[in-house]
Amino acid sequence: MSGERLPRFSVVIPARFASTRLPGKPLRLLAGAPLIEHVARRALTMGAAQVVLATDDTRIAAAVAGLDVQVVMTRADHASGSDRLAECAAACAWPEDHIVVNLQGDEPFVPAAGVHAVVAALAADDAAMATLATPINDVAVLLDPNVVKLVCDRSGHALYFSRAPVPWARDALAHDRGSLPQDAPLLRHIGLYAYRAGFLRRFAQLEPTPLERAEALEQLRALEHGHRIRVALSADEFPPGIDTEQDLARAEAYLRARASGA
């Protein structure tokens, strides 16, 4: 499905002021502008029918003033970004089958092709939601609990997401944990999601589940309740999001290098 033939979709950016590792993250300056402004400007290049900022903080809302971004003020007590998206979907009264992309407010460099891939994956499937993955090429990534891994069935639907190294290549890793196992389908999850608006509203009403709580991964709630997640492979590199001061410094360096043509 080409970019020109994608169905109508909306991009929603959930953003809150509180952040454990980087307080006030949406308003932290990156190249002289608030982080949330960078994300919003990026979203506006993706061909969405509309870009919506879902936030509970008027300071964050003010940071996108002047951009062609709709602001939906949401409750402050949401436990997750998808819960905030669900309130936004209800407020916008989107039709049941309208596709909504969740673009994290700390992802200023997401390639448009990745958004198009997740929209196309959901549009071509009857799954409840879709997400992205990319092959793992470094054993340190495989073993890092901060990196979410996933395994899929033969039709490209998620079987499980984990912070643990899955699948565990028993024989190969028993002999050598310094290099990647060969012939194992090793995938890193990219936290970009597309939902149909009707499912998004229902998802927020589902009870949190044991695996979700154990792994601290809310997408497991969908799987545990029996909903399918379509997984598309990303052909584009996804620069990391911004969670720490170090990430912010790396993002500054990345922008300087790009501006200089390095």
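F109 is buried in this predicted model, at a relative accessible area of 6%; buried denotes under 20% relative accessible area, exposed over 50%, and partly exposed the range in between, with a 1.4 Å probe and protein chains only. Residue numbers run from 1 along each chain as its sequence is written. The model is predicted, so local features need pLDDT of at least 70 and side-chain atom pairs pLDDT 80 or more, while totals for chains, interfaces and linings use all residues; side-chain values rest on heavy atoms, without hydrogens or water.

Four aromatic pairs were found in a search of the whole structure. Rings of Phe, Tyr and Trp (its six-membered ring) pair if their centres lie within 6.5 Å; planes under 30 degrees apart are stacked, over 60 edge-to-face, and the rest tilted. F109 forms a tilted pair with Y254, at 4.6 Å centre to centre and 55° between the planes. This pair links distant parts of the chain. F109 sits in the loop between β6 (99-102) and α4 (112-123), and Y254 in helix α10 (residues 245-260), 145 residues apart. Helices (H or I, at least four residues) and strands (E, at least two) are DSSP runs, numbered from the N terminus. Y254 is partly exposed, with 35% relative accessibility.

Y195 and F203 form another tilted pair. Their ring centres are 6.5 Å apart, with 40° between the planes. Both residues are buried. Ring pairs also join Y193, Y195, F199 and F203 into a cluster.

S234 occupies the loop between β11 (229-233) and α10. Its relative accessible area is 10%, so S234 counts as buried.

At chain level, 10 helices and 11 strands are present. The radius of gyration is 18 Å, which agrees with the value near 18 Å for a compact globule of 262 residues. That radius is taken over C-alpha atoms, and the globule rule is 2.2 Å times the number of residues to the power 0.38. The C-alpha trace spans about 55 × 45 × 40 Å along its principal axes. Buried residues account for 50% of the 262 residues. Of contacts between residues at least 6 apart in sequence, 69% join residues at least 24 apart. The accessible surface is about 12600 Å², with 51% belonging to carbon and sulfur atoms; areas come from the Shrake-Rupley method with a 1.4 Å probe, and for residues only the protein chains shown count as cover.

Definitions and conventions
Contact means heavy atoms within 4.5 Å.
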